[in-house]
Amino acid sequence: MKLVVAGSTGFVATEIIRQSLSNPAITSIVALGRKPAPTPVASTLLPNADLSKLKSVTLDNFDTTDYPENVKSELANADACIWTIAITPSQLKSVPWETTVKVCRDYAVNGLKVISSLTEKKPFRFVYISGSNAVRDPAKKPLLLGDYCVLRGEAENQILEFAKSSGGKVEAAIAKPGIISGPTKETGALAKVFFGIIGIGKVRVGQIAGALVEGVVKGFEKETYENADLVRVGSKTVGGIE
């Protein structure tokens, strides 16, 4: 299996790549990002990790409906893609809204269309990592981060609609994690209380990565993975102990 990981230098993407390196079903990993993907540190690798499977591919501009030929040649014949690129809630104040819309919605939708057009593999599996409070119905816009939650829901809708109109060529799944923590990123005590009050769950980075890697390899258990699903499925994978 050839797997594309978009947003390859991020917190979740790094863990997805780490687990994929030791998964025998995945024979090629294309780490797609604006910056080269860092070489995994040997001490963090899982048993049987094969670094030769990893290829870093840089794309300077994701704001396009087509990619350069040299990038497309590296993405050709992929079996799956996990899309991790996004503006997070903590970044909203420092990023113009127009840019947030492009990064969170347009980059992902365009990426799905481009990468799926480059393969004859069927089904081509695509995962979009959204957020637990994203809403697909604007009428359900929440009070907290309302426009952002609607935006992420718009992206979910467009991705699922594209997959459904593909005649079975594309299978899409949406991951809706809550607060993601890990060995190098723990949630503070006050933040835990706040997110608990507003009903946002927690998931370990190893769990979300494990659940999504299993989904693209074995097939999606469901169309939408809520936070509890990511914890449940991911806990049974190699990432469940992280």
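Predicted model: local features only at pLDDT ≥ 70, side-chain atom pairs only at ≥ 80, totals over all residues.
1. Let me start with helix H4, residues 146-164.

2. Which residues of H4 are buried? They are Gly 146, Tyr 148, Cys 149, Val 150, Leu 151, Arg 152, Gly 153, Ala 155, Glu 156, Ile 159, Leu 160 and Ala 163. Arg 152 and Glu 156 are worth a look when you browse that list. The partners against which these buried residues pack are helix H3 (97-117), strand E5 (124-129) and strand E6 (170-176).

3. On the H3 side, the contact is made by Trp 97, Thr 100, Val 101, Cys 104, Arg 105, Ala 108, Val 109, Leu 112, Lys 113 and Ser 116. H4 contributes Asp 147, Tyr 148, Leu 151, Arg 152, Glu 154, Ala 155, Gln 158, Ile 159 and Phe 162. By type, the residues of this contact between H3 and H4 comprise eleven nonpolar, three polar and five charged. As background for reading the spacing in such lists, an α-helix has 3.6 residues a turn, so residues three or four places apart point the same way.

4. Now to another helix pair, H6 (residues 205-218) and H7 (residues 227-234). Here the angle is about 80 degrees and the axes are 7 Å apart. H6 and H7 are therefore roughly perpendicular to each other. Gln 207, Ile 208, Gly 210, Ala 211, Leu 212 and Glu 214 of H6 meet Leu 230, Val 231, Val 233 and Gly 234 of H7. In this contact of H6 with H7, six residues are nonpolar, three polar and one charged.

5. Next, the aromatic rings. The structure holds four aromatic pairs. One of them joins Phe 62 and Tyr 67, edge-to-face, at 6.4 Å centre to centre and with 80 degrees between the planes. Phe 62 is buried, having a relative accessible area of 2%, and Tyr 67 is buried as well, at 3% relative accessibility.

6. Phe 62 also pairs with Trp 83: the ring centres are 6.0 Å apart and the planes stand at 90 degrees, so this pair is edge-to-face. Phe 62 sits in the loop between strand E3 (54-58) and H2, while Trp 83 belongs to strand E4 (residues 80-83), so the pair ties together parts that are 21 residues apart in sequence. Trp 83 counts as buried, at 0% relative accessibility. A single aromatic cluster takes in Phe 62, Tyr 67, Trp 83, Tyr 107 and Phe 126.

7. Leaving aside residues up to four places away in sequence, Asn 110 touches Thr 64 and Thr 65.

8. Asn 70, by contrast, counts as exposed, at 53% relative accessibility. Asn 70 lies in helix H2 (residues 69-75). From Asn 70 to Lys 55 the C-alpha to C-alpha distance is 13 Å, with the two residues 15 apart in sequence.

Terms used
Residues numbered from 1 in each chain as written. Heavy atoms only, no water. Helix = DSSP H or I, 4+ residues; strand = E, 2+ residues; numbered from the N terminus. Buried < 20%, exposed > 50% of the residue type's maximum accessible area, 1.4 Å probe, protein only. Contact = heavy atoms within 4.5 Å. Axes fitted to C-alpha atoms, helices over the stretch in contact; angles between N-to-C directions. Parallel < 35°, antiparallel > 145°, perpendicular 65-115°, else oblique. Nonpolar A, V, L, I, M, F, W, Y, C, P; charged D, E, K, R; others polar. Phe/Tyr/Trp six-rings, centres within 6.5 Å; stacked < 30°, edge-to-face > 60°.
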